[in-house]
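Look at the model below.

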Amino acid sequence: MKRFIVIGHKALTSGDFSLNDMPGSAGRMDVLCRCVNSSLFLSHDLRRDVECYLVLLGEPNPPKTILFSGERVRYLNPDERSAGSLIKKALGITCSDEFTESTKGVYIRRGGLERLLSEFQVALLDEHGVDIRTTDELPEAYLLSDHMNFSEGEEDLIRDVQKVSVGPKILHADHTITIMLNEMDRREKPSEL
Ligand SMILES: C[S@@+](CC[C@H](N)C(=O)[O-])C[C@H]1O[C@@H](n2cnc3c(N)ncnc32)[C@H](O)[C@@H]1O
C-alpha cells in the first residue's frame, strides 16, 4: 500500500463550509482535495493501492484525520468539488478515536499526525531531502504540508524522519504526489502495472 499524509493547517474540522469557496471558507480545503485526486486518480481509473490521509487542523474541533481509500472509494469524481463534498459528509458524522466510514471508502477519526507516525514508516517529502532517484528502498508513507510550513510542534515530531526530494524546486503538494507516484510506477515490475 502507498500512503500520502497531508497536513491541512487551517482546514476546517466541521462541514460548515461552501463547496463554492473551499479556499476561503474552508481553510484551503481545495489544496487537500487536489491531493486526494493526485493520490487516487489515473485517467479513467483509480489507484487502488493508494491511501490518502488528510490531517485537518482548523477550527472548531482539531485534530481530525480523514482517510480516502483507493481500494474502496465510491462516488469520487476527478474534480475538487467531488472530493470536497465527501469531506463535508465525513465532517458531518460523529467522530470517534477509531475510523468510521462516512461514505464508501472514506473514513474519519479524531487525532492527527502523532498517531499516524506511530502507525506507519513515514518519510517527509522535502525539497532539501535525498533525491528520490538515488534511494533504493521506497518508504511506505509520505508526509506533506499544504500551502504552509510545518509548525514547530510538527517539526519536533518529524525531526528524525527520512527526508526525500522529488527535485530542487518547491512544488505544490498535489504535484509532488503525482511525481512521487510516477517514480513508484517506473520501479514496479510490468506485472504489477
Ligand atoms: C507548497 S509546499 C509547502 C509550502 C512551503 N513550505 C513554503 O511555504 O515554502 C507543499 C509540500 O509539497 C512538498 N514538496 C514541495 N516541493 C517538494 C520537492 N521538491 N520535493 C519533495 N517534496 C516537495 C513538501 O512536502 C511541502 O510541504
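**From hairpin to ligand**

Strands β6 (residues 100-103) and β7 (residues 106-110) pair in the antiparallel sense over three bridges. Strands pair if DSSP finds at least two bridges between them. Helices (H or I, at least four residues) and strands (E, at least two) are DSSP runs, numbered from the N terminus. Thr 100 has Ile 108 in β7 as its bridge partner. Two residues separate β6 and β7, which form a hairpin. Gly 105 lies in the turn, with a positive phi of about 80 degrees.

The model is predicted: local features need pLDDT of at least 70, side-chain atom pairs count only at pLDDT 80 or more, and totals for chains, interfaces and linings use all residues. Residues are numbered from 1 along each chain as its sequence is written, and side-chain values use heavy atoms, with hydrogens and water left out.

Next, the backbone. Most residues other than glycine have a negative phi, and most peptide bonds are trans. Arg 28 has a positive phi, near 60 degrees. Arg 28 lies in the loop between α1 (22-25) and α2 (29-40). A cis peptide bond joins Glu 59 to Pro 60, with omega about 5 degrees. Pro 62 and Pro 63 are also joined by a cis peptide bond, with omega about -10 degrees. Pro 60 sits in the loop between β4 (50-56) and β5 (64-69). Pro 63 is in the loop between β4 and β5 too.

Now the ligand. Which residues are closest to the ligand? They are Leu 125, Asn 149, Gly 167, Lys 169 and Leu 171, among 19 that surround it. A residue counts as near if one of its heavy atoms lies within 4 Å. The shell divides into nine nonpolar, six polar and four charged residues. Here Ala, Val, Leu, Ile, Met, Phe, Trp, Tyr, Cys and Pro count as nonpolar, Asp, Glu, Lys and Arg as charged, and the others, Gly among them, as polar.

Polar contacts are pairs of N or O atoms within 3.5 Å; within protein, one must be able to donate a hydrogen and the other to accept it, and residues adjacent in sequence count only if both atoms are side-chain atoms. Asn 149 places a polar side-chain atom 2.6 Å from a ligand nitrogen atom. A polar backbone atom of Gly 167 is 2.7 Å from a nitrogen atom of the ligand. For Lys 169, a backbone N or O atom lies 2.7 Å from a ligand nitrogen atom. The elements giving two or more residues to the shell are β8 (122-131), β9 (141-145), β10 (163-165) and α6 (173-187).
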